[in-house]
Amino acid sequence: VDAPEIAPAVMRPFEWLCLSRAEIAELRAFIDARKGRLVPFWVASGEQDLTLTTGPGFGNLVTIKEIGYTDHLFPMGGFRRHIWAWNPTFVTREYRKVTASVKNGDGTETLTLNSSFLANVQLGWYLGFLRLCRLEDDVPEIEFESEVVARCSLRLRELPQEAPT
C-alpha cells in the first residue's frame with residue numbers, strides 16, 4: 001500500500017546501458033537486490049548542490065556558500081543530511097553525513113561531518129546531496145538489442161520522509 005503524500009514525490013528515469021554479458025549480469029543483480037520497490041538505496045544527485053568556499057583538507061568541517069541549509073534544510077529531517085564529494089578530475093567520490101550545521105553570518109555556513117574525508121577535498125570538488133530512492137516498478141523491463149547489448153530504463157522515486165536522520 002502506498003500512503004498518500006502531502007506533495008508529489010520526485011520521480012526520475014535512469015537509463016542503464018549494458019555492453020557486455022557481465023554488465024547485463026550486474027544490472028540483473030542490482031534489480032534482484034532491490035526486490036522491486038521494497039529495498040531503497042542512495043542515489044547521488046549528480047549536481048553541485050553545495051559550493052565549497054574553503055577546502056577542508058582532511059578535516060570533518062566543510063565551509064560552504066550560504067544557501068539556507070542551516071535554517072531550512074538541516075532541521076527538516078534526514079533527507080538532506082547525506083552528501084557526496086566528487087573530484088571531477090580523478091573521479092574520486094566520498095560519502096558523508098552532516099551531523100551539525102552553523103550559519104556563520106558572513107555569507108557562509110559550516111557543516112560538521114560524521115567523519116573526515118580520506119582524500120584532500122579542495123575547491124574544485126563538487127558537493128551534492130544523496131537522495132534515498134526506490135525502484136518505481138517491481139519488475140523493470142530489460143530490452144535486449146543483441147546477445148551482449150541491453151538497456152533498461154529504471155524509474156526511481158525519491159523517498160524524502162524515509163531517509164534516516
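Reader: Why is glutamate 136 called buried?

Author: Glutamate 136 has 15% relative accessibility, and buried means under 20% relative accessible area, exposed over 50%, partly exposed in between (1.4 Å probe, protein chains only), so glutamate 136 counts as buried. A word on the background: this is a predicted model, where local features need pLDDT of at least 70 and side-chain atom pairs count only at pLDDT 80 or more, while totals for chains, interfaces and linings use all residues. Residues are numbered from 1 along each chain as its sequence is written, and side-chain values use heavy atoms, leaving out hydrogens and water.

Reader: What makes arginine 157 and glutamate 136 a salt bridge?

Author: Their closest N and O atoms are 2.7 Å apart. A salt bridge needs a side-chain nitrogen of Lys or Arg within 4 Å of a carboxyl oxygen of Asp or Glu, so this pair forms one.

Reader: Where do arginine 157 and glutamate 136 lie?

Author: Arginine 157 is in strand 10 (residues 150-158), and glutamate 136 is in the loop between strand 8 (126-135) and strand 9 (142-144), so the pair ties together parts 21 residues apart in sequence. Strands (E, at least two residues) and helices (H or I, at least four) are DSSP runs, numbered from the N terminus.

Reader: How do you know that arginine 96 and glutamate 94 are buried?

Author: Arginine 96 has a relative accessible area of 12%, so it is buried. Glutamate 94 is at 6%, so it counts as buried too. Their side chains meet in a salt bridge (2.8 Å, N to O).
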